[in-house]
Amino acid sequence: MNLMMLLEMASQGFGSRRGIESEDTALSYEEIFRAAGAAAEEVRRSGAKHLALLDVSSPAVPVALFAAAWAGVPFVPLNYRLTGDELHALLARIEPAYLVTEPERADTLRDRAAIVTTRQDFLAAARNNPTPEPSWSMDPDEISILLFTSGTTGTPKAAVLRHKHLVSYILGSVEFGAAAEDDAVLVSVPPYHIAGMASVLSSVYAGRRIVQLPNFDPAEWISLARDNAVSNAFVVPTMLSRIVESLGDVDSADMPALRALSYGGGKMPLAVIERAMALFPDTAFTNAYGLTETSSTVTLLGPDDHRTAVASDDPAMRQRLVSVGRALPSIEIEIRNDEGEPLPPGERGEIHVRGEQVSGEYLGRGSVLAADGWFPTRDGGWLDEEGYLFLEGRVDDVIVRGGENLSPGEIEDVLLEHPAVADAAVVGIPDEEWGEAVAAAIALKPGQQVTEAELQELVRQQLRSSRVPTRIVFKDELPYNETGKLLRRIVRAEFAQA
Amino acid sequence: MAQLKPGSRIRSDVCDTEMMVIAAPDSDLEVICGGAPMIELNAEPSGATLADDAAEGTQLGKRYVNEAGDLELLCTKPGKGSLGAGGAPLQVKGAKPLPASD
């Protein structure tokens with residue numbers, strides 16, 4: 001198995017169809033295939049052991065991804081927001097590397113990688129040089145992509161995704177050539193995010209043209225979607241929130257071509273998804289949950305689930321809107337307690353997943369998969385009677401107060417019900433009496449007011465008194481990273497300083 | 001031919017067809033394409049020719065399954081032969097498309 005098999009099939013099946021387009025470049029599937037081969041030849045000749053990309057989305061992304069697969073070296077998309085020592089440390093871990101980067105960076109990184117080339121030079125050479133005879137390893141165990149985790153809790157780990165994981169994910173979730181000739185997907189997540197990688201692979205195998213937005217901006221997203229008659233898009237919750245905000249006080253988003261909008265990568269506030277569904281009445285919404293270590297999506301809340309939940313008066317059905325849906329057919333899910341025993345529906349524990357696409361491996365640290373293939377996600381959650389999964393935040397974020405485990409997500413959900421509250425983050429802070437105490441950082445809606453005591457009373461009424469935040473601070477906004485992950489360690493650090 | 005292994009690839013002895021094994025039974029099962037047993041991807045064709053009564057062709061990207069449902073093959077390269085196993089033709093598996101998630 002090799003990712004190249006997916007591109008080769010696309011090139012054979014619909015080679016002349018346009019595969020990707022940006023402001024200044026458009027490539028058909030056959031052209032991506034030929035460019036990947038020519039670039040692979042360059043990489044092989046250089047002797048580099050990794051093909052790294054430190055850049056925003058551009059047509060160089062799919063070319064480099066497949067060139068690495070063809071050449072038999074791991075593809076390493078790096079976070080382009082990193083600078084200085086952080087970046088140099090990552091580059092040192094993948095040397096000797098062939099690095100594709102933006103022109104402004106190329107000179108300063110000249111001595112940090114074996115080969116440094118700009119996106120433009122890389123693409124030009126790939127398109128002009130001859131394509132070698134197809135030949136790539138079919139060893140399913142070779143490393144396909146190394147993705148450095150965001151390192152929100154320490155030194156970044158490099159998640160290892162092998163060809164077998166990614167090919168299994170695509171074959172298990174995408175039907176070959178399923179896209180219509182004029183379908184287009186708008187990709188606004190960066191290449192160093194698993195969703196950015198998955199979107200390239202899914203789109204190529206489905207035959208869906210990729211339109212890229214290198215730096216997310218809600219107004220640009222809207223105009224790009226309209227101008228290109230975009231049919232599909234994936235966004236993280238913060239992006240959808242900003243898109244909805246940017247559309248303002250209108251009745252409809254006026255994007256009739258947009259048939260499907262999927263989202264994932266963080267918790268979607270109920271108010272945002274409800275507003276979005278009202279603004280995009282003809283668009284099918286899908287919530288996808290997955291991790292880097294699981295080669296992207298493992299559960300889906302599909303369009304019908306969304307519609308049924310919104311139309312229902314039954315609170316249990318309506319709650320499905322904040323679920324991440326059910327497991328893909330190729331994935332198994334179990335909720336387990338601290339002793340590793342499976343829990344019945346309704347009970348909270350750690351989410352474990354199993355399937356061919358699940359890697360659970362980090363470079364230099366080996367695999368955290370159990371012998372029978374189960375991967376402990378460190379995400380907390382519970383399943384309802386019909387297998388719908390509800391997320392409860394990271395297990396490591398659980399607050400242990402006087403021996404009782406408290407889930408921040410449960411308390412945040414109650415706080416968010418208050419009409420004045422725009423956003424809430426609950427963390428544990430050191431406490432002499434209880435070990436940990438509950439603290440909450442709150443962002444208010446513009447022009448709204450609420451007292452600490454009112455919020456404490458709200459939590460006391462709906463949950464047990466142990467869940468009532470002993471400290472509450474009000475902030476203009478809460479800290480998120482650029483892909484929409486709440487940075488709890490910053491919230492915690494701010495409480496520690498105060 | 002040796003037992004089929006998920007992830008491995010086989011080719012037709014008589015046409016261009018290539019298949020990747022998605023699922024296979026534990027027991028030995030001979031897959032036929034164009035009237036002749038399929039061979040390992042790197043094996044040399046025997047020189048056999050396409051049988052007239054097994055020439056309906058294979059389609060790129062389609063999944064082929066047996067009646068029992070324990071054999072599933074993905075067509076990675078199409079050809080002129082038609083597929084069979086255990087004395088019966090393989091059928092194209094109906095697509096149950098999932099919503100696009102990325």
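**Reading contacts, interfaces and salt bridges**

Me: Which residues does Glu18(B) touch, leaving out residues up to four places away in sequence?
Reply: Glu18(B) touches Arg9(B), Ile10(B), Arg11(B), Leu41(B), Leu74(B), Cys75(B), Thr76(B) and Lys77(B), not counting residues up to four places away in sequence. Keep in mind that this is a predicted model.

Me: Where does Glu18(B) sit, and is it buried or exposed?
Reply: Glu18(B) is in strand E2 (residues 18-23) of chain B. Buried means under 20% relative accessible area. Glu18(B) has 18%, so it counts as buried.

Me: How far is Glu18(B) from Ala68(B), in sequence and in space?
Reply: The two are 50 residues apart in sequence. From C-alpha to C-alpha, they are 22 Å apart in space.

Me: How do I read the size of an interface?
Reply: Interface size is often given as the accessible area lost when the parts come together. Here chain A and chain B bury about 1,900 Å² between them. Of that area, 62% is on carbon and sulfur atoms.

Me: Which residues of chain A lose the most area to chain B?
Reply: Gln12(A), Leu171(A) and Glu175(A). Together they account for 26% of what that side buries.

Me: How many residues does each chain give to the contact?
Reply: Chain A gives 32 residues and chain B gives 18 residues. By class, the side of chain A has 18 nonpolar, 12 polar and 2 charged residues.

Me: How many salt bridges and polar contacts cross between the chains?
Reply: The rule finds 1 salt bridge across this interface. The salt bridge pairs Glu175(A) with Arg63(B), with the closest N and O atoms 4.0 Å apart. There are also 7 residue pairs in polar contact between the chains. Several elements of chain A give two or more residues to its side, among them helix H1 (3-14), helix H7 (163-173) and strand E13 (284-291).

Me: What about the domains inside chain A?
Reply: The domain assignment gives domain 1 (3-320) and domain 2 (398-497). Their C-alpha centres lie 34 Å apart. The contact takes 13 residues from domain 1 and 10 residues from domain 2. The two domains bury about 840 Å² between them, 53% of it on carbon and sulfur atoms.

Me: What does Asn79(A) touch?
Reply: Leu54(A), Tyr192(A) and Glu482(A), not counting residues up to four places away in sequence. A polar contact of 3.5 Å joins the side chains of Asn79(A) and Tyr192(A). Asn79(A) lies in the loop between strand E4 (75-77) and helix H4 (84-93) of chain A. Its relative accessible area is 17%, so Asn79(A) is buried.

Me: How many salt bridges are there over all chains?
Reply: The structure holds 33. One of them joins Arg105(A) and Glu102(A), at 2.9 Å from N to O. Arg105(A) is buried at 12% relative accessible area, and Glu102(A) is buried at 14%.

Me: Which salt bridge links Arg348(A) to another part of the chain?
Reply: Arg348(A) pairs with Glu392(A), with the closest N and O atoms 3.1 Å apart. The pair links distant parts of the chain, 44 residues apart. Arg348(A) is partly exposed, at 44%, whereas Glu392(A) counts as buried, at 11%.

Me: Which residues form one network of salt bridges that share partners?
Reply: Glu175(A), Arg63(B), Glu72(B) and Lys93(B).

Note on methods:
Residues are numbered from 1 along each chain as its sequence is written. Chains are lettered from A and ligands numbered from 1 in the order in which they are written. This is a predicted model: local features need pLDDT of at least 70, side-chain atom pairs count only at pLDDT 80 or more; totals for chains, interfaces and linings use all residues. Side-chain values use heavy atoms; hydrogens and water are left out. Contact means heavy atoms within 4.5 Å. Buried area is the accessible area (1.4 Å probe) that two parts lose on being put together, summed over both. A salt bridge is a side-chain nitrogen of Lys or Arg within 4 Å of a carboxyl oxygen of Asp or Glu. A polar contact is a pair of N or O atoms within 3.5 Å; within protein, one must be able to donate a hydrogen and the other to accept it, and residues adjacent in sequence count only if both atoms are side-chain atoms. Helices (H or I, at least four residues) and strands (E, at least two) are DSSP runs, numbered from the N terminus. Ala, Val, Leu, Ile, Met, Phe, Trp, Tyr, Cys and Pro count as nonpolar, Asp, Glu, Lys and Arg as charged, and the others, Gly among them, as polar. Domain bounds come from an automatic or database domain assignment. Buried means under 20% relative accessible area, exposed over 50%, partly exposed in between (1.4 Å probe, protein chains only).
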